[in-house]
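Subject: Structure for your review, with notes on charged side chains

Dear colleague,

I am passing on the structure we discussed, and I would be grateful if you could look through it with the notes below at hand.

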Amino acid sequence: MKRESKSSKLTEEDVKRYTGLFWKILLGLVVFAGLFLLSVRIGIFGKLPTFKDLENPKSNLASEILTDDNRVLGTYFVHNRSNVKYNELAPSLVHALISTEDKRFYEHSGIDYSRTMSTIILTLAGNKQGGSTITQQLALNLFAEKRERNPIKRIMQKFQEWITAVRLERNYTKEEIVMMYFNTVDFGAYNTFGIKSAARTFFNTTPDKLTPAQSALLVGMLKGPGIYSPVRYPENALRRRNLVLQNMRDQNFITNEEFDKAKEDPIGLKLTISNYGEGLAPYFRAVLKEEIKKEFQRLAITKPDGTPYDLDRDGLKIYTPINYKMQQYAEEAQKEWMRRLQNEFDKQWRRRNAFTGDNAKLLVRGMKRSDRYRVLKAEGLSEDQIKKEFDKKVPMNLFTWKGSVDTVMTPMDSIKYTKLFLRNAMVSMEPQNGLYQSMGRRD
């Protein structure tokens with residue numbers, strides 16, 4: 001006769017006890033999660049954006065200098081960013097983004113719970129995945145200084161992203177969220193922020209004119225602007241672009257024929273780097289900036305909240321009487337004649353030393369005004385040691401009337417080169433109304 005063990009069979013009381021314990025644990029977890037989210041919401045683990053912040057998200061916008069034919073002459077910026085509206089985005093940009101970053105974007109309300117759970121499971125299994133929706137990424141771009149590296153802090157930040165993402169979804173349409181996302185993303189190189197700046201920097205075009213292949217490349221860069229840079233790592237960028245194009249095909253945004261054609265396109269970069277010193281009329285733009293600042297102070301012009309305007313951050317538009325084409329023609333003519341004059345000037349000094357007698361002081365003054373001199377002086381080098389450093393050959397970039405060139409020469413020789421470089425200025429004015437057309441100079 002077999003004796004049945006007590007441990008091999010659960011009694012009815014055991015089932016009730018375990019069931020009650022399960023529901024208590026579950027209820028405890030729900031309460032804990034609710035209290036935790038509430039504590040995040042009220043800012044115990046860090047300040048969340050207010051409703052006013054959500055209505056007016058802050059971002060540094062480049063101010064644009066516009067010509068009389070409404071073309072961008074240049075920009076003032078901390079971050080090279082200009083905003084676009086949703087209808088100024090090529091459809092292929094939106095399709096590339098959604099098919100790659102958030103396939104269920106139009107179905108969720110800020111958080112894709114099924115994707116989040118699968119991401120957690122895969123990450124715990126050692127296969128790290130990204131689970132943030134477009135709205136969560138926007139929340140991070142708008143309201144966080146940086147992505148936390150510390151795991152605990154990153155978890156806190158993730159909960160803050162969730163809450164902010166849900167609130168963003170309640171305040172904005174899906175189209176507005178996509179628009180804001182493209183206006184806030186960082187493309188890494190050349191101080192390029194936002195899709196308008198990226199389209200201009202990498203393809204010298206506007207976001208509405210981007211092709212599917214160009215859209216796929218720019219969206220592909222967002223995963224890692226460094227490793228997918230089409231400038232530094234074109235092979236990586238090409239592979240990533242074609243993966244985005246494949247995603248677009250799989251989501252039926254493009255046909256098989258369009259995919260086959262686009263993936264064969266070369267990258268076709270038209271690199272156009274924006275900075276204060278490059279582009280048309282750089283000296284005009286530098287003087288204009290200081291004059292505008294003076295006018296703001298003189299007229300006490302402020303923003304609606306009473307704070308002063310910042311040309312580098314507030315996305316202003318400055319309209320000028322300069323005509324883009326005429327400015328371009330003027331500067332091209334200037335370069336053509338300066339090349340000839342510089343060549344004639346160089347011939348006169350080819351076999352003569354221009355820096356004897358009192359002119360030798362020009363080299364000493366040039367040396368002491370240089371950044372290299374100030375750095376060496378700060379490091380504690382003596383005058384004799386600094387002079388020796390200025391006689392050592394180093395790589396450098398020189399301006400010429402045919403374009404900048406990379407070369408190797410001593411810093412002292414570069415000072416001599418600069419001192420013997422011709423300068424010029426040009427101003428064209430309409431005598432009837434006093435409107436100036438162009439200004440160019442080299443110094």
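The notes that follow cover the salt bridges and then a charged surface patch.

Please keep in mind that this is a predicted model, in which local features need pLDDT of at least 70 and side-chain atom pairs count only at pLDDT 80 or more, while totals for chains, interfaces and linings use all residues. Residues are numbered from 1 along each chain as its sequence is written, and side-chain values use heavy atoms, with hydrogens and water left out.

Across the whole structure, the search finds 14 salt bridges, a salt bridge being a side-chain nitrogen of Lys or Arg within 4 Å of a carboxyl oxygen of Asp or Glu. One of these joins Glu 336 to Arg 340, with 3.3 Å from N to O; the two residues are 4 apart in helix α13 (residues 324-348), and are therefore separated by about one helical turn. Helices here are DSSP runs (H or I, at least four residues), as are strands (E, at least two), and both are numbered from the N terminus. Glu 336 is partly exposed at a relative accessible area of 36%, and Arg 340 is likewise partly exposed, at 44%, where partly exposed lies between buried (under 20% relative accessible area) and exposed (over 50%), with a 1.4 Å probe and protein chains only.

Salt bridges that share partners also join Glu 64, Lys 196, Arg 200 and Lys 317 into one network.

In helix α12 (residues 282-299), Glu 291 and Lys 294 are 3 residues apart, which means about one helical turn between them, and they form a salt bridge whose closest N and O atoms are 3.6 Å apart. Glu 291 is partly exposed, with a relative accessible area of 39%.

Lys 303 forms a salt bridge with Asp 314, the closest N and O atoms being 3.4 Å apart. Both residues lie in the loop between α12 and β3 (317-319), so this pair ties together parts that are 11 residues apart in sequence. Lys 303 is partly exposed at 23%, and Asp 314 is partly exposed at 22%.

Finally, Lys 361, Arg 365, Arg 369, Lys 419 and Arg 423 form a positive surface patch (residues with over 30% relative accessible area and no salt bridge, like charges being joined within 9 Å, and nonpolar side chains within 5 Å). Within this patch, Lys 419 belongs to helix α17 (residues 411-419) and is partly exposed, at 36% relative accessibility.

Notes. Accessible areas come from the Shrake-Rupley method with a 1.4 Å probe; for residues, only the protein chains shown count as cover. Lys and Arg count as positive and Asp and Glu as negative; His and the chain ends are not counted. The place of a charge is taken as NZ of Lys, CZ of Arg, CG of Asp or CD of Glu.
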